[in-house]
Every structure is written in C-alpha cells, then in structure tokens.
Amino acid sequence: MRPSMSRGLAADHGRGASRTHNNAGRGGRNNAGRGGRGGGAFRAQNIAGRGLGVRGRGRGGGRGGASGRGGMRGGNKAVIIPHRHEGVFIAKSKDDALVTKSMVPGDSVYNEKRISVQNEDGAKVEYRVWNPFRSKLGAAIQEGIDNIWIAPGARVLYLGAASGTSVSHVSDIVGPTGVVYAVEFSQRSGRDLVNMAKKRANVIPIIEDARHPSKYRMLVGMVDVIFSDVAQPDQARILALNAAYFLKTGGHFVLSIKANCIDSTLPCRQSIR
Amino acid sequence: MLLLFETPGGFALFKVLDEGKLSKVEDLGKEFSSPDSARKVVKLKAFSKFENTAEALEAATKIIESSTSKGLRKFLRANCDGEMLGVADSKLGNAIKDKLKIECVHNNSVMELMRGVRSQLTELISGLATQDLAPMSLGLSHSLSRYKLKFSPDKVDTMIIQAIGLLDDLDKELNTYAMRVREWYGWHFPELAKIIQDNIHYAKVVKLMGCRDNAAKLDFSEILTEEVEAELKEAAVISMGSDVSDVDLMNIKELCDQVLSLSEYRAQLYDYLKSRMNTIAPNLTALVGELVGARLIAHGGSLLNLAKQPGSTIQILGAEKALFRALKTKHATPKYGLLYHASLVGQAPPKMKGKISRSLAAKSALAIRYDALGDSQDDSMGVENRLKLEARLRNLEGKELGRSAGSAKGKPKIEAYDKDRKKGAGGLITPAKTYNPSADAVLGQTPDSTTRKFEVESLSAEEPAKEAPASGKEKKEKTKKKKKTDEETTVPGERNGTAEQDGKGEAKKKKKHQAENDGVQNKDENAEEGGKKKKKRKHSEAEQEESEMPSKKKEKKKKRKNED
C-alpha cells in the first residue's frame, strides 16, 4: 500500500536524515530522507556490484517539497572546498552545504540559493546550492555514495529528467566539455526542461519515452554514464535497453530505485532484490 | 550488407566489409575498440547531409514515427542497390521494404554494429567532427522538443508583455516631446499653447505654419475647428513672441515630425496589441478588454503565472501598496487594483464597484486559466461570463432602486443590515439622542406600532436586530476611519464605498439559516447594546423601540449627509 504524504513535509528532516543500514563493508550509506514526490518514506538497501555502480538510493526530496535549508541565509561568508567527487564542492559556513559551480552565473533554476565567491585572480565564481531534499543525486552524495561516475567532461544520459532541477546540477558538474542528454516524457515538465536547457549549452532535452530508445537514437551519441530516475516497475529493462543502444563498453550506470514503484505489494527488500 | 545510420547531421550508409564477423556478435564490440579496426569492419559508403534544421526536423520526426521521409527515400534509392540493409528499427525496415523494395534486417548483430559505429562515429565519417556534431545535435533536439511540445509562436505571451511595456514608454516619450515642442515653439508664438490643447494638433499646426506670419494665409480646417482657427489667426497677428530664423523653425518642424510619427506608431502598436491579445487570451479579452488584460498579464509575469493566482489576487493586482499597508495597519483592504479600469467596473455605480470587481475577478481568473491551460481558441466562455456579469450588475442595480423607492404596502421599512453605513456624526460613539421631528414623517410609522411588530415576529426581527449591534460596531469603525482620513490616498471613494457596500452585501447575501443564527445572537447583543445606550442617552425609551428609532434617525442623518 503506498502511504500517501503531502508535499512540503521535507522540511522537518534535518540534513543528516536518518540513516539505515550502515554497511561499512560496502562503504555505502543510504538516505532515508522523506521526499515530497507523492510517496512515503522507505528504506533502501545498498546492493551488489561495485563494478556496475548500482546504488539503491533512498528517496530524496521530490518536487514541491519545501527546502529544509534553514541555515544558509543571505550575507553569509562561505568557504568553498572541493568534495571527494570531482566537480562537486562543499560550502563551509555556519551550515555546510553541497554546491556545484554554476554554468550560468546569476541564474537560479529552481530558486535555490547561490553563493558568490571571489577567487585568487579576482574573478567572481558562483556556486549553486544543491538541495538534497529535492534531488536524489544530491541526497546520495550527501549520504556518502561511493562513486557517482559523473565527472567533468563526462557524457551522461539522464533518464527521467523531470523539470531539470537535478539535471542542472549534473550539467554544472560535467561542465562545458561534457554533455547531458536529458530524457523526459511528460509535457509540462518537458517545458520547464527545455527552458532550462535553453540557457545551458551542454544539456540536450529529449521529450520522448525512455522505453523506446530507438526513437531518439538520432540525437544521442555514446555515453559514459547512464543515470536513471524513472520510477517505473520495469525500470531495469528500460535501463538495459538504453544501455544496449548508448552506453559505451566499460561504462557505468546509476539507478535510483523506488520500492513502491517496483511492486507496491512486496516488502521493499524483495523489490530491490 | 549495408547499414543505415542516422546522425543529427544527416543520413549515413555504411558498407559492412567483412560479413563473416557478424556471426560472432559478442566479438563485434571488440572490433570497434579502435578507429583502425573499426574501419576494417565498416566503411562509409554514402552520406547525405541535411540542408537545414527544417529538413533535419522533418527527418527526425519521421524516424520517431518509424516512417520514411522523402530525403531518406531519395538517399536510399540512389545508394542502396540490391543489398540487404540493416536498420535500427524493424518498423522502419518494414516501411522501407514497402516503399523501396529493399530488403531490411534488424537483429542483434545489426544492433552491435550500430553500437560500434556510434562509438567511432567521428572517425568513420570523415567530414563530421565532434565539435560539428554537438551543436547540430543540440539544435535538432531543441527544434524537436518544440515540435513535440506544440510550441506555437502565436501563443507567446512575451509579445504582450513587451508590447504593453513599449506602449507605456511611448506614451511617456510622446508626452515629453510634445511638451518640448510647446516650450520651444512658445518662444516664437506663446499664445498658441493656450489656444490648442491637444498635443497632436499643436504639432500639426506648427508643422503646417512654421512662422506665425503664415498663419493668416493658411487654411487649418483639417486640423482645427472654425473658432479655434479664428482665434489662432487673431493671436498670430498680435503675438508677443520673438522672431526665429528658418533654421530654427526647421528643427522645430523636425521635432513635430517625430511627435507625429511616434503617435502614429503608438496607434499601430495598440492595434497590434489588440490583435495579439485576441489570439493569445481571447476569453480574458472578452471579459475585461485588451488593455486591462494585457496589463494583468504583464503584472503577473506570464499568462501561466497569472493562471496560478486565485481570483482574490487578481482582484487587487496592482494595488499591492495599498493592500499591504491596509493589512499592516488592520484597515479595510482595497477593493480593486488594475481591474478598476475594466469597463464592467467602470459602468457600475460607485456602491456596486466593489461587488462587481470581486465577481469580475473571479470570472476572469477562470478565463485566464482557460486561456493559459486549455486547448480551444475561441472566446465563447468569456462572452458567456460577461453576459452573466452584466446581468448580475443589472440585478444589483435593480435591488438598489427597489429599496430606495420604499416599500409599497406601508409595512415598517425593514432596514437591511449595514454595518458600515454612516450613522450619526463622526466622533461620537452613538449619535446625539435629540428628538428629530422629521423622522416621524418617513413612512407614517409610529414608534409604538413597530415595537409590537417586533415582539410578535421574532424571525423578521432578525434584520433590524442585526443592525443595532452593527450600528454600534460601525460607529466605532466610522470614528476610526474619520480619524485616519488624512492618510488615505487610495482610490477615491474606496473607503466610503467599502462601508456601504459590504453592509448591503451582507444583508443581501446571508442565507436564511445563517441569518437566523445571527438573529439569535444579535438579540443578545442587542440587549447589551441597549443597556449601554441607556446609560448614555438623556431620556429613556423602550429597548426595542430605541433600536428602531435611532436607526431611522441615522438613516435620515445619512441621507442629509449624502445630500451635502
């Protein structure tokens, strides 16, 4: 039974959301933060395959959830230090925040806070705060995922791009040398995605069903990483199909699993298996 | 065997050099690991580039539908002779077979070949480098997305927002230039500024006349009326302005030209705005008119943004300063913002403006949502709603007239609950309790008969009972308002209007059961109020009586005040 939850409840979790299985051996931890995207809280297990890079992901914030970020108020001086993952940074001030270097300075994609920092040669660099309650990838990085495989210069195929909030951060990470192919089927979200892509030259918006990669084979080249956030019961098959078309040999994929979506009647452990 | 590969730059046809390798599907991947080994497996046979993005878009849409485009057919016919063709989509293969009689195949080995080719695309197609491919892909994806999202250039509300901004700018500029013309020419002919009031006429006259000595000879009938022309000619003779040289006059004339051309452009822009509004938001235009509709959209930022606002917001869009000030100081909030300029609100009597503004805001919210998110293009919904609103306005006006005409049967005039109606002099909590002889004559009523009627009919007493405490409350409100009248810079008549309208509105709209409850409550309050009044007034009267009498007195006082 899918527990229903109203939006905007993400705010009552602090950033270090409750942790479940702390699998020291595997080195990964999962986020059980509640999100707003129409489902209830759930716990995920970290599954096999280091080589494949599969990570069971907790439900990070969905869209429309209020930002739980109370600490980052305007006027704070922040120090930016690089994160373990390349392309991602941490802003250290009164509160720590995960940030990415903005490709479009002066612009907020989803009203996120931006931090402007002056570096050595006097140039102003802008960083955008990555909200882990709205972005599953952000939540995973915050919870200490081993490897996201998304690095500057990488080519990423992002399935389930929605309105482009996470895609914008991925685009920041891969930078101008990389490419993000963002696939989204919904019209309304697609509109926002296209508007976001207008400002970023490395995002290629594709308004197509991810189940039929042959339909957009003309637009996509070979990619290094596939990030899948489609929340469908046959998401593994979708991923496999897309990988067969577009993933390079030796490439990686990152999959976000929502146990309710796989089979709402099974207990979540079984779904992930 | 040939392989059909689609790229954002065009169609590519590869020849498979070594068909034997196809049998070992798993090893095919290794073959493509380096460009040289890849070239040993496949070779580019033909490449047909897309001429422009339109062609690319057409080809892409056909691919999505698994059908062949003309360009593809031509390409295949020219280059694929007799061989088997490997395609990525079996449906496309069927289509090609039907149209072109070329045998198509789609299996694992073909897919593996595709993968390999895709990974080494830039090496295999010599003319296409990575940096060329990326912008092509980007451009094609954006056009494809626009096509998929049914982006129509007609329905872009940015045009409206820019046009209305430009209209305002033009008005300002036009005014500035016209004033400048007046000032400048006034050095030569100062009286003309007072004779001709309209800016455009002034500019035309100056342009025609130049030096004021020419005034007598020229004919101004196209621009001015007879009397004005006569005045002009008279003033030209006795003008006290000094002479100016031709060069100066020429410059003044050029400025006049500018003014005239700007005003023409403004008229043209207005027409353009009207036509755009009718295309983009026909229902909104039908309800409030083009100009107000455009201002609403510009204020909201976009049509979609505006569609997300509730009707109450739309009612006071544009009066934010007054709204927040009123909220902070706990006063009555404004009743209309931009909507005040709509024709429906304009043609309503002042007391009805608030009500109509609210109803209009509600209906226009619906119209906006219909325009922004709905599919159809016609304005039937807007027109229908406008008719409803006009009917409501007539209804309201009818009720007003009916009330002021008085009751026909000679029954006691039951005063509607009107908490904000001005009663009594300002500054007093209760009106001065002096005996007013003219109150007797109103409807031939005596205080005694009314009192008895109240005791008998408890239900009907609700309304007058309501008004007693209401009058108490409203007196307090009145004093507060009177004290702060200086601060008011809101729309004229707003405050007064609010008071009266709300009271009357409440009276009309309260449903029976609700009213009854209030009646019960009010009776209790009434007792209290009566007690208070007893302490304050000079002579004593029966409780109920007193509530009716002062109300009558207040009504009379109010009428007198209105007359003033």
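**Notes on a two-chain model**

I started at S189(A), which I found in helix α3 (residues 187–199) of chain A; helices here are DSSP runs of H or I with at least four residues, strands are runs of E with at least two, and both are numbered from the N terminus. S189(A) counts as buried because its relative accessibility is 17%, where buried means under 20% relative accessible area, exposed over 50%, and partly exposed in between (1.4 Å probe, protein chains only). Apart from neighbours within four places in sequence, S189(A) is in contact with A162(A), S163(A) and E184(A), a contact being heavy atoms within 4.5 Å.

For the record, this is a predicted model, in which local features need pLDDT of at least 70 and side-chain atom pairs count only at pLDDT 80 or more, while totals for chains, interfaces and linings use all residues. Residues are numbered from 1 along each chain as its sequence is written, chains are lettered from A and ligands numbered from 1 in the order in which they are written, and side-chain values use heavy atoms, with hydrogens and water left out.

**Salt bridges**

I counted a salt bridge when a side-chain nitrogen of Lys or Arg is within 4 Å of a carboxyl oxygen of Asp or Glu. The structure has 21 of them over all chains. In one, D172(A) meets R128(A) at 2.6 Å, N to O. D172(A) sits in helix α2 (residues 165–174) and R128(A) in strand β5 (residues 124–129) of chain A, so this pair ties together parts 44 residues apart in sequence. D172(A) is buried at 7% relative accessible area, and R128(A) is buried at 0%. I also see a network of salt bridges that links E112(A), R128(A), D172(A) and R200(A).

In chain B I looked up E123(B) with R39(B), whose closest N and O atoms are 3.3 Å apart. This pair links helix α7 to helix α2 (residues 35–41) of chain B, 84 residues apart. E123(B) is partly exposed at 36%, and R39(B) is partly exposed at 38%.

K233(B) and E229(B) form another bridge, at 3.1 Å between the closest N and O atoms. They are four residues apart in helix α12 (residues 226–237) of chain B, so about one helical turn separates them.

**Where the chains meet**

The contact takes 27 residues from chain A and 26 from chain B. Together the chains bury about 2400 Å², 59% of it on carbon and sulfur atoms; buried area is the accessible area (1.4 Å probe) that two parts lose on being put together, summed over both. On the chain A side, R217(A), M218(A) and L219(A) lose the most area to chain B, together 34% of what that side buries. Two salt bridges run between chain A and chain B. R217(A) also forms a salt bridge with E6(B), with the closest N and O atoms 2.6 Å apart.

N111(A) has a positive phi of about 60° although it is not a glycine. I placed N111(A) in the loop between β3 (96–101) and β4 (114–118) of chain A, and it is exposed at 72%. S66(B) is another non-glycine with a positive phi, near 60°. S66(B) lies in the loop between α3 (53–64) and α4 (70–79) of chain B, but is buried at 11%.
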